[in-house]
Amino acid sequence: MALETLLFKVKTAISNSFDSVPPKLLKKKPSFKSKQNVGVLAFEIAGVMSKLLHLWQSLSDATIIRIRNDAVTLEGVRKIISNDESFLLGLACAEFAESLRLLANSVTRLSHRCDDPTLQSFHWVFLEFADSGRDPHGWALSGPKETEAKLKKMERYVTVTATLYREMEELSVLESGLRKALNHSNVGSENNEGSLVGKEQKIYELQQKIFWQKQEVKDLKDRSLWSRSFDSVVILLVRFSFSVLARIKVVFGIGHCVPCLSRSLSTSATVYPSDQNPTSCHEFVSGGFFESNSKLLKPPPSTLGAAALALHYANLIIVMEKMIKSPHLVGVDARDDLYAMLPISIRSALRVRLKGVGFCASDPVLAGEWRDALGRILGWLSPLAHNMIKWQSERSFEHQNLVPKTNVLLLQTLFFANKEKTEAAITELLVGLNYIWRFEREMTAKALFQCSNFNGSLNLQKPT
């Protein structure tokens with residue numbers, strides 16, 4: 001009975017520690033004028049910081065040089081999207097601007113919780129800076145040293161806050177385990193007195209782990225975003241948002257840029273689209289920076305993006321790529337499934353292309369030529385398809401709070417691809433796949449037939 005009483009007291013004390021609220025906190029009225037800490041919103045804020053940091057890193061000299069020298073010169077981009085470098089760089093600029101606009105909207109929502117009325121006006125000041133370059137509060141970071149210091153501070157906050165999340169999860173698991181242990185102890189006290197000593201020891205060990213885990217969580221809260229005020233956190237986000245926008249303008253040569261940022265960028269990494277192109281980034285500011293960029297990202301009617309087929313065609317191309325690499329492994333069912341994926345427009349084009357094609361596919365030379373042709377098409381088409389999958393998966397609902405792991409841009413996908421040209425390439429792949437698939441089947445059937453005849457001839461030659 002004494003042991004049962006002890007267990008009951010332990011359970012009651014722990015339950016009270018989970019659920020109770022100190023009386024002083026209940027009596028205290030909330031003060032809207034006092035600075036409040038971000039608390040549980042620390043995890044959302046850390047997500048915004050992570051994305052801002054990734055966007056900043058995506059605008060580094062090395063990445064911009066890669067975009068200029070590699071992304072816009074991809075063979076697939078040139079073939080089915082555009083060979084106008086200024087237009088392609090405009091798309092890259094627009095995507096960076098759109099990513100920043102979405103992040104700025106998150107900063108705006110957080111700024112409404114600030115005590116400082118200047119921070120509460122972030123949205124309008126940010127738009128003014130985007131359109132005219134005016135920075136009345138001097139929010140853009142003043143130079144490389146200050147930028148580096150703020151960068152490291154945000155990285156530290158993100159890392160510690162992520163650790164806090166994991167440790168709080170661990171604490172929750174431990175507390176749940178203690179509750180279960182206490183419940184099992186009550187059941188054991190009724191059925192088996194002899195096992196209570198071992199259960200009491202387990203409960204004691206769990207209590208010790210919870211105690212130290214709570215200390216760890218408390219320390220992390222003190223060092224992470226959790227214990228910072230909204231004003232101190234939002235000013236970091238605000239200043240970095242201004243600096244990212246300034247960086248975009250410097251990199252793409254738009255409007256009036258912050259001089260110190262311009263000096264910090266190597267000349268080779270700066271991109272200045274041609275003045276001869278009417279869709280040049282230089283003209284974005286006249287129509288409203290973010291509005292103009294958003295319009296540029298709207299796909300034209302002739303593209304796969306406008307037809308909502310970009311992701312479907314990407315999957316289709318990847319399926320064909322696997323079949324072309326191993327046509328001998330493709331069964332009739334897989335071939336039928338592939339045909340079921342085809343939209344009406346490609347089915348019609350395929351029927352036209354296959355008209356007059358004979359049923360025999362036994363020419364090894366022609367089969368080799370088809371393999372070479374399919375390899376060349378996949379060489380420039382497949383990267384766009386794989387990029388489409390990467391781009392989409394990183395922006396899916398399940399991953400929207402995670403930082404993208406690649407720097408794939410929309411211009412490197414099938415989103416802006418010309419629908420007619422893409423379907424022509426896919427149709428060509430299907431025609432070639434049809435031939436080499438039939439060739440592999442005929443060669444396999446011929447080999448089996450010859451093997452059967454050979455075995456039969458052996459049987460006839462056996463003495464009776």
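The following paragraphs lead through the structure of one protein chain, from its overall make-up to individual residues.

The structure is a predicted model, in which local features need pLDDT of at least 70 and side-chain atom pairs count only at pLDDT 80 or more, whereas totals for chains, interfaces and linings use all residues. Residues are numbered from 1 along each chain as its sequence is written, and side-chain values rest on heavy atoms, with hydrogens and water left out.

The protein chain holds 18 helices and zero strands. Of the 464 residues, 43% count as buried. Here buried stands for under 20% relative accessible area, exposed for over 50%, and partly exposed for values in between, with a 1.4 Å probe and protein chains only. The accessible surface of the chain comes to about 25200 Å², and carbon and sulfur atoms contribute 57% of that surface. Such areas come from the Shrake-Rupley method with a 1.4 Å probe, and for residues only the protein chains shown count as cover. Among the contacts in the chain with a separation of 6 or more, 81% join residues 24 or more positions apart; a contact means heavy atoms within 4.5 Å.

Helix H4 (residues 61-69) and helix H6 (residues 85-111) have axes that come within 10 Å and cross at roughly 145°. The axes are lines fitted to C-alpha atoms, for helices over the stretch in contact, and the angles run from 0 to 180 degrees between N-to-C directions. The crossing of H4 and H6 is right-handed; a crossing is given this name if the near helix is turned clockwise from the far one by less than a right angle, and is left-handed if anticlockwise. On the H4 side, Ile64, Ile67 and Arg68 take part, and they meet Glu85, Leu89, Ala92 and Phe96 of H6. The residues of this contact comprise five nonpolar, no polar and two charged ones. In this division, Ala, Val, Leu, Ile, Met, Phe, Trp, Tyr, Cys and Pro are nonpolar, Asp, Glu, Lys and Arg are charged, and the others, Gly among them, are polar.

Charged side chains form the next topic. Side chains of opposite charge can pair when their charged atoms come close. The whole structure contains 12 salt bridges, each defined by a side-chain nitrogen of Lys or Arg within 4 Å of a carboxyl oxygen of Asp or Glu. One of them joins Arg101 and Glu98, at 2.6 Å from N to O. Both residues belong to helix H6, where they stand three residues apart, about one turn of the helix. Arg101 is partly exposed at 25% relative accessible area, while Glu98 is buried at 17%.

A further salt bridge connects Lys325 with Glu321, at 3.9 Å from N to O. These two residues are four residues apart in helix H14 (residues 310-325), a separation of about one helical turn. Lys325 is exposed, with 62% relative accessibility, but Glu321 is buried, with 12%.

The salt bridge between Arg353 and Glu428 has its closest N and O atoms 2.9 Å apart. This pair links distant parts of the chain, with Arg353 in helix H16 (residues 344-354) and Glu428 in helix H18 (residues 419-461), 75 residues apart. Arg353 is partly exposed at 35% relative accessibility, and Glu428 is partly exposed at 25%.

Helix H17 (residues 364-394) contains Arg371, which is partly exposed with a relative accessible area of 33%. The C-alpha atoms of Arg371 and Leu433 are 8.4 Å apart, although 62 residues separate the two along the chain. Beyond its neighbours within four places in sequence, Arg371 is in contact with Ile436, Phe439 and Glu440.

Leu378 also lies in helix H17 and is buried, at 10% relative accessibility. Its contacts, apart from neighbours within four places in sequence, are with Ile317, Glu321, Ile324, Pro383 and Leu429. The C-alpha atoms of Leu378 and Met320, 58 residues apart along the chain, are separated by 9.3 Å.

Most residues other than glycine have a negative phi. Ala308, however, has a positive phi near 55°. Ala308 is placed in the loop between helix H13 (289-296) and H14, and is exposed with a relative accessible area of 67%.
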